[in-house]
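Trainee: I would like to learn how to read a few features of a protein model. Could we go through them one by one?

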Amino acid sequence: MLLAIDTSGATSAAVVADDGAVVAALLDEDVRAHAEHIGPMLEAVLDRAGRPTIEAVAYGVGPGPFTGLRVGMAAARAAALVLGAVELPVLSHDAVALAAVRRGVRPAFVVVADAKRRERFATVYRRLDAAGVPVRDGEPTVGPEESIPALPQVLGAVDAGLLGAVAALRRAADIAPEPQEARYLRSPDVTIATARKSVLG
Amino acid sequence: MSTGPLVLGIESSCDETGVGVVRGREVLANVIASSVDEQARYGGVVPEIAARAHLEAMRPTLERALEVAGVGITDLDAVAVTAGPGLAGALMVGVGAAKALAVTARKPLYGVNHLVGHVTADQLHGAGEEARPVELPTVALLVSGGHTSLLLVRGLVDDVELLGETLDDAAGEAFDKTARLLGLAYPGGPSIDRAAVDGDPAAIRFPRGLTAAKDRERHRFDFSFSGLKTAVARHVERAEGDLAIGDVAASFREAVVDVLVTKALDACRETGVPRLLLGGGVVANRRLRDVAAERAAAAGVQLRIPPFDLCTDNGAMIAGLGARLVDAGVAPSGAGFGVDSTLPVGQVLIA
Ligand SMILES: [Zn+2]
């Protein structure tokens, strides 16, 4: 069994069987309260799945707004440590791409997500791999709408059930997971902290 | 062999990723990874750089702390994590990790107040060392790059009162900004200390913020360092090529230390509490410790300074506070709490 977590946009957690079948999954579209949702959501999917033995923890590495993205990545790595499970990083857009293929959309297409500041994250998919999962063509990008390649656009929240399915199918097909680094795609804004001046709230 | 709850604590409110393990009041592990070197390029803490560093450091720091403590996650009685105050994006990394730890290992989770954690540090002792007597009530002066607060602590888990805090820059921030003005390296505390070695602390009379008679009514225990920073800037401008950096550094440091110690001892007098506890990274400043020791002794106030690795932001103090809450029979936080970057000091535990 796999535990899967993604907070690259929404907050989502799932328990997925080794063949990619979703055992329990939850998704909350609230794009702000990742730190709040992650606890109850993990508890709920693990309980619903009957607290199975977890051998791998899949997690989305983005792209997505940074603050939320990190909550799920930190949670997933901590969960893997506790459970003695392997970490299986997944490009978050791969889950959206798999959802599209399962709806009957055939590559090539581009997965697009909001990157704030009037920009979009975009990842191009042109083929399926041996596991039947869409394979990205090049690295994900961030930029204005005009910079997105002229392909059919696929949108949607990242569902941890599908993210877990991507990881499970690829693992079964012996395809190496993604590097574990967060896909920030932007350098950090260099603004010096002033947030803690007052704690009177 | 000490007794008490075995608690793991996670701290990520600023630029240190800290994980500690305590059994009761005994520190079994206190592991810290800092992003200070990355921040040095910018002369201050960049929140996004701090948060990125927390994510990378979190799992290795957790593993190292468990290894040093020689305990497994299943052995723990509880997990504690800093819920605020601090930088929101940084806090969220710790809270995300702590929630996953607690849920997957089925342990109670306490989301706690960072500042009360600093106070807890005074009650901790190293492995095999004698327990330190708990000395309450106490006035606590917490000074770092992120906060400058004066507290009255009557009970760690249920009675912490904010007497005053900085209205603008934290004292550590004032050191950083002044160091930049003088062309000295980040972090400002140590570099100003080095520059001040041959300087005359009485060379320039820099202003002591919020110490005038008119401020006594409303801001008796509050701090302000922005006027001091401006005064140093003006002095540097006027001096042009003829700047005695040693004198400026020593005089600046003297102004900061004077205000901190004067207000802290005034709080002891006003509250009738003859005890002063220092905490926070600025305690590393030798001059602050010396002046505090000298004037506290003269005022008949007992001064307490925890070991330095418990003064800076660390996970052991958070674990220690978690252990106190477990001991007091306080119910853990619910799984759905969020971070609070301005969590008031009176709120020891987040619901
Ligand atoms: Zn602190």
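Trainee: Is Leu142(B) buried or exposed?

Mentor: Start with the cut-offs: buried means under 20% relative accessible area, exposed over 50%, and partly exposed in between (1.4 Å probe, protein chains only). Leu142(B) counts as buried because its relative accessibility is 0%. Val143(B) is buried too, at 1%. Keep in mind that this is a predicted model, where local features need pLDDT of at least 70, side-chain atom pairs count only at pLDDT 80 or more, and totals for chains, interfaces and linings use all residues. Residues are numbered from 1 along each chain as its sequence is written, chains are lettered from A and ligands numbered from 1 in the order in which they are written, and side-chain values use heavy atoms, leaving out hydrogens and water.

Trainee: In which strand does Leu142(B) lie?

Mentor: Strands (E, at least two residues) and helices (H or I, at least four) are DSSP runs, numbered from the N terminus. Leu142(B) belongs to strand β7 of chain B, residues 138-143.

Trainee: What does Val143(B) contact?

Mentor: Contact means heavy atoms within 4.5 Å. Leaving aside neighbours within four places in sequence, the partners of Val143(B) include Thr148(B), Ala171(B) and Leu260(B). Leu142(B), not counting residues up to four places away, touches Leu115(B) and His118(B), among others.

Trainee: Which UniProt annotation covers these residues?

Mentor: UniProt positions follow the numbering used here, feature names are shortened, and annotations may be inferred rather than shown by experiment. The unreviewed entry has a "binding site" annotation, and Leu142(B), Val143(B) and Asp176(B) are among the residues it covers.

Trainee: What is the nearest side chain of opposite charge to Glu26(B)?

Mentor: Lys and Arg count as positive, Asp and Glu as negative; His and the chain ends are not counted. A salt bridge needs a side-chain nitrogen of Lys or Arg within 4 Å of a carboxyl oxygen of Asp or Glu. For Glu26(B), the nearest is Arg23(B), 5.8 Å away. Glu26(B) is buried yet has no salt bridge.

Trainee: How many salt bridges cross the interface of chain A and chain B?

Mentor: The rule finds four. In one of them, Asp47(A) pairs with Arg106(B), with the closest N and O atoms 3.9 Å apart. On the side of chain A that touches chain B, α1 (34-48) and α2 (66-83) are the elements giving two or more residues. α2(A) gives the most, with 14 residues.
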